[in-house]
Amino acid sequence: GGLWGSYTSAINGTSGSYFGVTLVLSSSGTTIAVAAPPESVGSNTNNGAVHVEYVNASAGTTTLLGTLSLPVSNGQWDMDCCAHLSNMVAMSKSGTVFAISAWKASDGSSLFAVGLVTIYSYSGGFWVQRGQSLKGSADSDALGFGMALNEDGSVFAVGALELGVGMGRVEIYRYSSSTSMWVRWGSSIVGPQMNSFFGVSLAL
């Protein structure tokens, strides 16, 4: 067997950002997305960020492709009190589509810990939001704790913990290129019993 060696130099976060609490790699290993949940982006304090890097193994370097955050401002969604983006990140195997979530985010009015998910695609050096943002449907839904994208990012599975009862459920969406919307694919898959937290981890 061989030995593990350093692929590139270290990628460092800022102080207090918890950089690397969640990370995902593309199937080729050339794209990595790294979460920094409490990081501030512009005027949106504590909303959190996801840093996407291109890995050049032959040169031993990484290049920042972009920093992603949820498309909300303070007041629209409560991202404080550990609700930051993103404890959870998902990436298509191709490394071009990314899902980011703040599963404890409240909507700023009546729903607590409803959860918010946004999906982005990377093409031609630009980041574009793919479809509409998704949010939970009930108080304490915690949508976005578990997430998974398929090979090309056209199918998305997302888990909602349902913190009140802990049953948990999984919703599956397909992206419609004709309407530029995420469309539910089938009915929800529901956990077998209370406190099963069905959907805490997903794969496609």
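1. F197 is found in the segment after strand 14 (189–190); strands here are DSSP runs (E) of at least two residues, and helices DSSP runs (H or I) of at least four residues, both numbered from the N terminus. F197 has a positive phi of about 45 degrees although it is not a glycine. Most residues other than glycine have a negative phi. With a relative accessibility of 32%, F197 counts as partly exposed; the class lies between buried, under 20% relative accessible area, and exposed, over 50%, with a 1.4 Å probe and protein chains only.

2. The structure is a predicted model, in which local features need pLDDT of at least 70 and side-chain atom pairs count only at pLDDT 80 or more, while totals for chains, interfaces and linings use all residues. Residues are numbered from 1 along each chain as its sequence is written, and side-chain values use heavy atoms, with hydrogens and water left out.

3. The average pLDDT of the protein is 83, and 86% of the residues score at least 70; pLDDT is the predictor's confidence in each residue, from 0 to 100. Over residues 79–83 the pLDDT stays under 50. For that stretch the model has 16 contacts beyond four places in sequence, a contact being heavy atoms within 4.5 Å. Where pLDDT is low, the predicted coordinates should not be read in detail.

4. The secondary structure comprises zero helices and 14 strands. Of the 204 residues, 46% count as buried. Among contacts between residues at least 6 apart in sequence, 47% join residues at least 24 apart. The protein exposes about 9,900 Å², of which carbon and sulfur atoms supply 56%; the areas come from the Shrake-Rupley method with a 1.4 Å probe, and for residues only the protein chains shown count as cover.

5. The largest nonpolar core has 15 residues, and A33, V50, V52, L68, V89, F98 and I100 touch the most other members. Such a core is a set of buried Ala, Val, Leu, Ile, Met, Phe, Trp, Tyr and Cys residues joined through side-chain atoms within 4.5 Å. At least two residues of this core come from each of strand 2 (31–36), strand 3 (49–56), strand 5 (88–91), strand 6 (97–102) and strand 7 (116–123). Strand 6 gives the most, with three residues.

6. Leaving aside residues up to four places away in sequence, F98 touches T31, A33, V52, L68, A90, M91, T118, I119, Y120, W127 and L149. A second, separate core of 14 residues includes A99, V117, I119 and A160.

7. An open sheet is formed by four strands in the order 1-2-3-4, with antiparallel pairing; two strands pair if DSSP finds at least two bridges between them. Strand 1 (23–25) and strand 4 (61–68) stand at the edges with a single partner strand each, so one side of each is left without a neighbour in the sheet. The twist averages 20 degrees from one strand to the next; the axes are lines fitted to C-alpha atoms, for helices over the stretch in contact, and angles run from 0 to 180 degrees between N-to-C directions. Within the sheet, six bridges join strand 2 and strand 3 in the antiparallel sense, and the bridge partner of T31 is Y54 in strand 3.

8. All seven of the seven residues of strand 10 (residues 143–149) are buried, so this strand is largely enclosed by the rest of the structure. Strand 10 pairs with strand 11 (residues 155–160) in the antiparallel sense over five bridges, and M147 stands opposite V158 in strand 11. The hairpin of these strands has five residues between them, where G153 takes a positive phi near 80 degrees.

9. Strand 12 and strand 13 run antiparallel and are joined by four bridges, with Y173 opposite R184 in strand 13. They form a hairpin with four residues between them. S180 lies in the loop between strand 12 (169–176) and strand 13 (181–184). The phi of S180 is positive, about 55 degrees, although the residue is not a glycine; S180 is partly exposed, with a relative accessible area of 38%. In strand 12, S176 counts as buried at 18% relative accessibility. Apart from neighbours within four places in sequence, S176 is in contact with M181 and V183.

10. G16 is found in the segment before strand 1 and is exposed, with a relative accessible area of 53%. G16 and P38 are 22 residues apart in sequence, and their C-alpha atoms are 7.5 Å apart in space.
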